[in-house]
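Please read the points below with the structure open beside you. They are arranged by topic, and each can be checked by eye.

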Amino acid sequence: IVLRSGRRYGKSQLALALIDQHCNTPSEWGGQDKPSVLLVCPTNVQARDIYWKTGLVEARWKGRAKLREGDCEVILPNGGRVAFRGVENAGAREGQGHTMIVIDEAGLIPDLESVYTRTLRSMLMDTGGRFFVIGTPKGHGDYYQTLYDRGIGAKRDPDWLSFQGASIENTYLSADEIEAIRRELDWATFQSEILGIPTPRT
């Protein structure tokens, strides 16, 4: 699954909800006796800031799992594990299979193609696990667009689904604020940051 969205869409909360659902659905574990999820951000700092310092992990699992903030890991009652890592440490888990991998802020990963093909993809070989790619189209996002294109159109790969969401779809955001931002930003930036639509490279 690939989600391309504007800022403040709620994609990180959605990622945790899908992870939580996966960890409670044994039929998705590819024959494994417990789930193993790896969530990858562009850096370790972002992984900690986005998911731990904001309280998202605590809000999702407090009282239901062991939260190891120092290791950026959640240990589930069923023995499963959810690990939050930056790209620089994602390879440290090579050789370990996972039942689900999530890439957050995919548009900010400089060499996403290499990260996906040389490091992460093989981690799902044993389980046939799930891949969830999310982000806002900006920065080094060419391969992010390639992954997105796999899930749309008449020739889409049947194993992929792609979705797009705009910031305004988050009902907690003010329509007036979105309009104010539209007036302040140039159209290309507004398309990317708010509508979740990539702008052509020049």
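1. Asp 20 and Arg 60 form a salt bridge, with their closest N and O atoms 3.2 Å apart. A salt bridge here is a side-chain nitrogen of Lys or Arg within 4 Å of a carboxyl oxygen of Asp or Glu. Asp 20 lies in helix α1 (residues 11-23) and Arg 60 in helix α3 (residues 56-61), so the pair ties together parts that are 40 residues apart in sequence. Helices (H or I, at least four residues) and strands (E, at least two) are DSSP runs, numbered from the N terminus.

2. This is a predicted model, in which local features need pLDDT of at least 70 and side-chain atom pairs count only at pLDDT 80 or more, while totals for chains, interfaces and linings use all residues. Residues are numbered from 1 along each chain as its sequence is written, and side-chain values use heavy atoms, with hydrogens and water left out.

3. Are the two partners buried or exposed? Buried means under 20% relative accessible area, exposed over 50%, and partly exposed in between (1.4 Å probe, protein chains only). Asp 20 has a relative accessible area of 8%, so it is buried. Arg 60 has 30% relative accessibility and therefore counts as partly exposed.

4. Asp 20 also meets the side chain of Arg 64 in a salt bridge (2.7 Å, N to O). Arg 64 lies in the loop between α3 and β3 (66-68), and Asp 20 in helix α1, so this pair ties together parts that are 44 residues apart in sequence. The relative accessible area of Arg 64 is 39%, which means that Arg 64 is partly exposed.

5. Another salt bridge is formed by the side chains of Asp 71 and Arg 68 (2.7 Å, N to O). Asp 71 counts as partly exposed because its relative accessibility is 39%. Arg 68 is also partly exposed, at 30%. Salt bridges that share partners join Asp 20, Arg 60 and Arg 64 into one network. How many salt bridges does a search of the whole structure find? The search finds 10.

6. Which residues of helix α2 (residues 44-53) are buried? They are Ala 47, Ile 50, Tyr 51 and Trp 52. These residues cover an arc of only 160° around the axis, which puts them on the same side of α2. The arc is that of the directions from the helix axis to the C-beta atoms. An α-helix has 3.6 residues a turn, so residues three or four places apart point the same way. Val 45 and Lys 53 are exposed on the other side of α2. After α2 comes Gly 55, with a positive phi near 85°.

7. Most residues other than glycine have a negative phi. Cys 72, which is not a glycine, has a positive phi near 55°. Cys 72 is found in the loop between β3 and β4 (73-75), and it is buried, with a relative accessible area of 5%. Glu 105 is not a glycine either, and has a positive phi of about 55°. Glu 105 lies in the loop between β6 (100-103) and α5 (112-120). At 9% relative accessibility, Glu 105 counts as buried.

8. How many disulfides does a search of the whole structure find? It finds zero, a disulfide being a pair of cysteine sulfur atoms within 2.5 Å. Cys 41 is in no disulfide, and the nearest cysteine sulfur, that of Cys 72, is 9.4 Å away. Seen from Cys 72, the closest cysteine sulfur is in Cys 41, and 9.4 Å is too far for a bond. Cys 41 is buried, at 0% relative accessibility.

9. Ser 36 lies in strand β2 (residues 36-41). Its relative accessible area is 16%, so Ser 36 is buried. Apart from neighbours within four places in sequence, Ser 36 is in contact (heavy atoms within 4.5 Å) with Arg 81, Gly 97, His 98, Thr 99 and Met 100.
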